[in-house]
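Please walk through the charged and aromatic side-chain contacts of the model shown below.

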Amino acid sequence: MKLPVPFLTEIQALLGDETDAFLKSYEADRHLGLRVNRLKIEVEDFLKISPFKLKPIPWTTDGFYYEEEDRPAKHPFYHAGLYYLQEPSAMAPVGVLDPQPGEVVLDLCACPGGKTLQIAAALGGKGAIVANDISTGRIKALVRNLEMAGATNVLVINETEEKLGARFENVFDRALLDAPCSGEGMFRKDRKAVEAWSGDAPVQFRAVQDRLLDETAKMLKPGGRLVYSTCTFNRLENEMALEAFLARHERFSRKQPGPALGLDFRTGYGRLWPHLHEGEGHFIGCLEKHADGHENRPPRSQESPPSEVSNLPEAYKNFEAENLTIALSGQFYLNESKLYRLPEGLPSTQGLRVSRSGWYLGEVKNGRFIPSGAFAMGLKATDAKRVIRFKADTIEVIRYLKGETLSVEGEDGLNLICVEDYPLGWGKLSKGVLKNQYPAAWRML
């Protein structure tokens, strides 16, 4: 691979004698990773049923390398949301962020959602996540990934950082800024990234990164943690960006996480290198916001969420009584005919473009409640009164995932369809014929 000369000059300045080893790593195959979704299954339990040859990723507790021939995206467990496919190094920033259950967390540049899902797993359904992305085109993929993973406490927003900064001042316990960057760390993974790179790219991206950092600083609570990450190598977008930020913001200081993650801290911030770690290049900086004597100032966004419904629609209550063994609690939101359960501690979103208001339960239509696929994915098998379970290695589960009608045994009525004990979607059984309600956009091709 022919690499740009300015890039090689920067690498030489960063690595010195290690430069040859770094360049040699570009001849090796890239590493493939999956992260077990702890919203669905504990790591130990997944390892008991996993059909793949897995090796632990050192900087995570739930991430594993897999072999390319395993093709995990083709397995029914993937459609059940038991794991998410993610580049191994990309799993490190959330480990540094270390979100805790009950916190309100911001993921500012969230698409396609891998890090958002990792945050959701750490929260365990307690607290709230605001996942934002400015790209309208990529929001659909983010929503789909969140729904298939059973993440029920995520608010998806499609806004500029300036609007968020004005609306969410002093709100978040932790914030992740996985910033847009020149992408030098992806050169081995994606040869097109080399062709697209130019010597001006770091300067251009740095202007964006400075703006994103400044707006994120407004939104963090005193005592909160900000993690800034990129998938590029140059110092302009990494160390220099954070040092300039610290010079502009006296209330912030650098915070170095413990050594357990195994990152390289030679520059004072965390890095992953392809010649030292089995993954692509990544930079991670961790900062902490200190109090300014105005800690009792109320956050702007702690107003009551708009359009909250105090009484659930009668159609939903009837559905729940007929089909579920549980009764949902919390705050709900009816947007025209679509019903959502809001995350805990939800910031007000008045005046913002909201793409998904938490857990999408379904739609009230002609006096009936029609449950969504997202509703099914946020449930457990024991939450439904009628369940049809398919074995993972059977043709029936594949046919269900393709949207086909099936002949099966079971109790007539709406059934929660599962692979083993893990929900996939809904189906209505009548006299041995299962009418498939698996979402068309999710179907296996």
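How many aromatic pairs does the structure hold? The structure holds 27 aromatic pairs, where rings of Phe, Tyr and Trp (its six-membered ring) pair if their centres lie within 6.5 Å; planes under 30 degrees apart count as stacked, over 60 as edge-to-face and the rest as tilted. The model is predicted: local features need pLDDT of at least 70 and side-chain atom pairs count only at pLDDT 80 or more, while totals for chains, interfaces and linings use all residues. Residues are numbered from 1 along each chain as its sequence is written, and side-chain values use heavy atoms, with hydrogens and water left out.

One cluster linked by ring pairs consists of F7, F22, Y26, F187, F233 and W273. A ring can also face a charge, as Y269 does: R254 lies over its face, at 4.9 Å from the ring centre. A charge sits over a ring if NZ of Lys or CZ of Arg is within 6 Å of the ring centre and within 35 degrees of the ring normal.

The salt bridges come next. A salt bridge is a side-chain nitrogen of Lys or Arg within 4 Å of a carboxyl oxygen of Asp or Glu, and by this rule the count is 25. One of them joins K55 and E278, whose closest N and O atoms are 2.8 Å apart. K55 belongs to strand 2 (residues 54-56), whereas E278 sits in the loop between strand 11 (270-272) and strand 12 (282-289), so the bridge ties together parts that are 223 residues apart in sequence. Helices (H or I, at least four residues) and strands (E, at least two) are DSSP runs, numbered from the N terminus. K55 is partly exposed, at 41% relative accessible area, and E278 is partly exposed at 32%. Buried means under 20% relative accessible area, exposed over 50%, and partly exposed in between (1.4 Å probe, protein chains only).

Helix 10 (residues 201-219) contains the pair D210 and R206. Their closest N and O atoms are 2.8 Å apart in a salt bridge, and because the two residues are four apart in the helix, about one helical turn separates them. D210 is buried at 18% relative accessibility, and R206 is buried at 13%.

Helix 10 also holds E215 and K218, three residues apart and separated by about one helical turn. Their salt bridge has its closest N and O atoms 3.2 Å apart. Here E215 is buried, with a relative accessible area of 10%, but K218 is partly exposed at 40%. Elsewhere, salt bridges that share partners join E18, D264 and R266 into one network.
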